[in-house]
Amino acid sequence: EDEFKILSKLNGFHSPKVFWIDHKFTYPFIVEEYIEADKIKKLSNSVVKNVAKSLAEIHNFSKVENRKSLSIKKEYIPKFSQRLKLIRKNKEMYKELLQFVNKAKKYCESNEEKFKEYSNVKILHGDMHCGNIFIQDSNIIFIDWENSEINDPAFDIVAFFYESENLQYFNEKNTISEEHKRIFLTEYLKINPDKNLKKKLDIIYPLRWLSDTLWLACRIVDYENIPKDLREKLKEEYLRLYNFNMRKLQQLWM
């Protein structure tokens, strides 16, 4: 429902047009525009600039007048607690992750008022990674708006940085560098000025890594719910990525 409303508002602006939503089924489906476009083959400086410019335009598109205070405690802590409950099945993994979650709770507490002071709300894509970004001539198209919401733009940017940085695990060409991040923020801030953006990114960044590491742990523990034909391959993949993320968490939280 949120996806349909937001895409209707955007009406094809860096996004597919949306024509119809059907509520007859348990999970409503949407009919959207089909667009001929290309995947991002490599995160070059020009591509990073173009993505930053387009995302800033999306964030600026919405006329959200009321400045609502956002909470990183509400954004992350319930999610962390819910995922820990599932991870309890694996005592070793649970013990390992619990120490990070306990630190994250204190971290959120100490940064809560600061983040509220800096926060503002815009239309967000909600799942920013290279797989959801396509190029049509020089125009950027964002697809898969299932997680779109009204929230602080910093969450979209941290997601893009996290997902692109995480690709180094797969040795893919879309890995983002520190120089790419600098170029991205320079271009983004030209269109959507926010003197507190960097501070918000620094606050959210370690929480995003922990959030996704907990998600991976849930997938590993909840092994039986992975489709049978994919179980062995995915479990092995999740374990490798989990170990990769844990090394990063050690750097960020210890």
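Predicted model: local features only at pLDDT ≥ 70, side-chain atom pairs only at ≥ 80, totals over all residues.
**Entry 1: aromatic pairs**

I counted the ring pairs and got 15 aromatic pairs. I then looked up Y76 and F155, which form a tilted pair. Their ring centres lie 6.3 Å apart, with 45 degrees between the planes. Y76 sits in helix α3 (residues 72–87) and F155 in helix α5 (residues 153–166), so this pair ties together parts 79 residues apart in sequence. Is Y76 buried or exposed? Y76 is buried, at 4% relative accessibility. F155 is buried too, with a relative accessible area of 10%.

Next I took Y162 and W209. Their planes stand at 80 degrees, and planes over 60 degrees apart count as edge-to-face, so I logged this pair as edge-to-face, with centres 4.7 Å apart. Y162 belongs to helix α5 and W209 to helix α7 (residues 197–221); the pair links parts 47 residues apart in sequence. I find Y162 buried at 3% and W209 buried at 1% relative accessibility.

I also noted one aromatic cluster, made of Y76, F80, F115 and F155.

**Entry 2: second largest pocket**

I looked up the volume of the second largest pocket: about 150 Å³. Its lining includes V158, F161, L185, L201 and Y205. E178, K181, R182, K198 and D202 are also among the lining residues. Which elements give two or more residues to this lining? They are α5, α6 (178–191) and α7. By class I list five nonpolar residues, five charged and no polar ones.

**Entry 3: salt bridges**

I find 14 salt bridges in the structure.

K181 is buried, at 11% relative accessible area, whereas E178 is exposed at 58%. Through shared partners, salt bridges join E165, E178, K181 and K248 into one network.

I then looked at E57 and K53, whose closest N and O atoms are 3.0 Å apart. These two lie in helix α2 (residues 45–61), four residues apart. K53 is partly exposed, with a relative accessible area of 35%.

K73 counts as partly exposed, at 29% relative accessibility.

Conventions. Residues numbered from 1 in each chain as written. Heavy atoms only, no water. Phe/Tyr/Trp six-rings, centres within 6.5 Å; stacked < 30°, edge-to-face > 60°. Buried < 20%, exposed > 50% of the residue type's maximum accessible area, 1.4 Å probe, protein only. 1 Å grid on protein atoms, 1.4 Å probe; cavity = no way out; pocket = protein on both sides within 12 Å on 5 of 7 lines; lining within 4 Å. Points joined across faces, edges and corners; volume = space filled by probe spheres on them. Nonpolar A, V, L, I, M, F, W, Y, C, P; charged D, E, K, R; others polar. Salt bridge = Lys/Arg side-chain N within 4 Å of Asp/Glu carboxyl O.
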